[in-house]
Amino acid sequence: MRILVTGGAGYIGSHAVRLFLARGHDVWVYDNLSMGHRAAVPAERLIAADLCETQRLDHALMLHRIEAVVHFAAFAFVGESVTNPSKYYQNNLVNTLNLLDALRRHKIGRIVFSSTCATYGVPEIVPITEDEKQKPINPYGNTKLAVEHALADY
């Protein structure tokens with residue numbers, strides 16, 4: 001399968017890329033390198049770009065005939081999300097909507113979204129199950145939950 005891994009130069013993304021490559025998939029990494037590391041992925045598989053660059057995203061999806069996306073490209077520091085919510089809404093929500101719109105334009109229907117337990121806020125029961133109420137208590141959790149809602153709507 002031809003897979004695009006957004007945020008694929010980050011810790012979790014780079015390990016997913018290695019696994020997909022080892023399993024014989026044709027994998028491309030789309031990462032702005034603001035938190036990821038160029039050396040974490042094969043250089044010939046890296047597209048150094050941001051999800052706000054919709055023309056570059058469209059080009060990558062078309063050029064590599066992408067069939068599925070694994071989406072790890074998000075900021076994930078809770079404290080920073082409280083002091084700089086705009087950064088989190090722009091990257092985690094708006095840029096994910098850019099990605100979803102591009103997937104629709106290219107008729108790509110497969111996406112794996114890396115969400116977070118932060119969408120549940122302070123859990124009433126541990127361990128948390130997906131049946132628990134989602135009540136995020138910070139902008140990071142809010143942005144991830146907003147994307148979950150958008151995915152359901154899209």
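Trainee: Which are the buried residues of α4?

Mentor: This is a predicted model, in which local features need pLDDT of at least 70, side-chain atom pairs count only at pLDDT 80 or more, and totals for chains, interfaces and linings use all residues. Residues are numbered from 1 along each chain as its sequence is written, and side-chain values use heavy atoms, with hydrogens and water left out. Helices (H or I, at least four residues) and strands (E, at least two) are DSSP runs numbered from the N terminus, while buried means under 20% relative accessible area, exposed over 50% and partly exposed in between (1.4 Å probe, protein chains only). By that rule, the buried residues of α4 are Tyr88, Asn91, Asn92, Leu93, Asn95, Thr96, Asn98, Leu99, Leu100, Ala102 and Leu103.

Trainee: How far apart are the end C-alpha atoms of helix α4?

Mentor: The expected span of a helix is 1.5 Å times one less than its number of residues. For the 21 residues of α4 (residues 85–105) this should give 30 Å, and the model agrees, with the end C-alpha atoms 29 Å apart.

Trainee: Over the ring of which residue does the charged end of Lys87 sit?

Mentor: Lys87 is partly exposed, at 28% relative accessible area, and meets Glu80 in a salt bridge (2.9 Å, N to O). A charge sits over a ring if NZ of Lys or CZ of Arg is within 6 Å of the ring centre and within 35 degrees of the ring normal. The charged end of Lys87 is 4.6 Å from the centre of the ring concerned, that of Phe75.

Trainee: What is the distance from Lys144 to the nearest side chain of opposite charge?

Mentor: Lys144 has its place in helix α5. Among the residues that Lys144 touches, not counting those up to four places away in sequence, are Ala74, Phe113 and Thr119, contact meaning heavy atoms within 4.5 Å. Lys and Arg count as positive and Asp and Glu as negative, with His and the chain ends not counted. Lys144 is buried yet has no salt bridge, and the nearest side chain of opposite charge, Glu148, is away by 7.9 Å.

Notes
Salt bridge = Lys/Arg side-chain N within 4 Å of Asp/Glu carboxyl O.
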